[in-house]
Amino acid sequence: MTRKLFYDDAYQTSFNSEVVKKGIDDNSRNYIVLKETAFYPTGGGQPHDTGTINGKSVIDVEEVEGELRHYLEGPSTEMEAIVGHIDWNRRFDHMQQHAGQHLLTAVFEDQLGYKTKSFHLGKELSTIDLDTKTLTTEEIQKAEELTNQLILGNRPIHTKWIKDTEELLTYTLRKDLAVSENIRLVVIPEIDYNGCGGTHPKSTGEISALKILHIEKQKKLVRVHFVCGNRVLKQLNKKHEIIQKLSTQLSAPQEQLYVAVDRLLQTTKHLEEKVNELTTKTIQFEAKELFLKAEPLSEQFLVKGVFQDRPIDDLQNIAKDLVTNQSNLIVTLICKQQDKIQIVCACTDDVDINLNLVLKAVLPLIHGKGGGRPSFVQGGGESVLPSDELMKLVIETIKSTLT
């Protein structure tokens, strides 16, 4: 079994060791097993370490069937004795996030009565899922404030290996353990006693700070998104950059951005109303223009129109306007958009025709799909036929259906 140096010293960033096994997994990834290692494997909500072994990048570390496997970028055939180097920035970031989670979990449970059901340490954000359906703004602020007080208190964090379950009775554990031997406790005196296999700093002060960013509901739980340590600064820098850009674009100081945004939204709403009004008038005008060119078709009249790069909504609205305000009318509209072509067919209630049959007959010609009511259908497919030619085929199908 590989000796896990990260449990002896989470701050160790380089080490020497020997390769005891080489292999390739089911996904054709090369891996080696070492006599001892400082690389932490994925587990307990915490991602794996990265770094190098003999200059080759370590892209993944997993514990599989009792083996601690180091997956390398490239073959490892010549490796026997090795020198490993840990990516310290990644390791320390994980230490900060994981320790911050311990404190945040303790505060939510001890001060607000909400137990943590799960924890995930992500690349950008970390999350805990709380056993509650709701979480108020006041509770979020309180939890954040109390957690940061514990961080500033610079309380010690240490680990302890427990030999037997009898010794466990001397500790008030936060949750039941999943193992009964080789138990590793993470202890923050008077705050948290928890079975945990992750890496942590020596004191809460090294967490630096914690910020809750937002929450979301997850079925019967509430998911809390947060960051600790250097990630707080990254979030602050990112938000500051965005605010600076918005301040310049809106010609408003930071304190007045919400006023400028509200004014912009009101203006946008007014313009959207005007655009909708003008669009409606344009649709009505186009419908009248098309109706003036209506052609006799058996005992009905046919309105047809060929368009280029128009949204399907426009075709639908033109057709609706025509069949709403006229009688004894069949409408066929076709629009080509790049490599796609769309069809809208409609008729007034006094026309005895099932346009679904028309569409069903035409769609295979363009490898298309569609459907609708007998009096109003739409469909689309590949632009394998010119619009004018497809229009002729649709009209011929309408004629054959009417007869």
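The model is predicted, so local features need pLDDT of at least 70 and side-chain atom pairs count only at pLDDT 80 or more, while totals for chains, interfaces and linings use all residues. Residues are numbered from 1 along each chain as its sequence is written, and side-chain values use heavy atoms, with hydrogens and water left out.

The axes of α6 (residues 257-292) and α7 (residues 312-325) come within 9 Å and cross at roughly 60°; axes are lines fitted to C-alpha atoms, for helices over the stretch in contact, and angles run from 0 to 180 degrees between N-to-C directions. Helices (H or I, at least four residues) and strands (E, at least two) are DSSP runs, numbered from the N terminus. On the α6 side, I283, Q284, E286, A287, L290 and F291 take part, meeting D314, N317, I318, D321 and L322 of α7 (contact means heavy atoms within 4.5 Å). This contact has six nonpolar, two polar and three charged residues, where Ala, Val, Leu, Ile, Met, Phe, Trp, Tyr, Cys and Pro count as nonpolar, Asp, Glu, Lys and Arg as charged, and the others, Gly among them, as polar.

Strand β7 pairs in the antiparallel sense with β3 (residues 30-34) over three bridges, with V33 opposite R69; strands pair if DSSP finds at least two bridges between them. Strand β6 (residues 56-64) is also an antiparallel partner of β7, over six bridges, and V64 has E67 as its bridge partner. Two residues separate β6 and β7 in a hairpin, where E65 in the turn has a positive phi of about 50°.

Finally, β11, β12 and β13 form, in that order, an open antiparallel sheet of three strands. Its edge strands, each pairing on one side only, are β11 (158-162) and β13 (192-195). From one strand to the next the twist averages 25°. Five bridges join β11 to β12 (residues 183-188), and I162 has I183 in β12 as its bridge partner.
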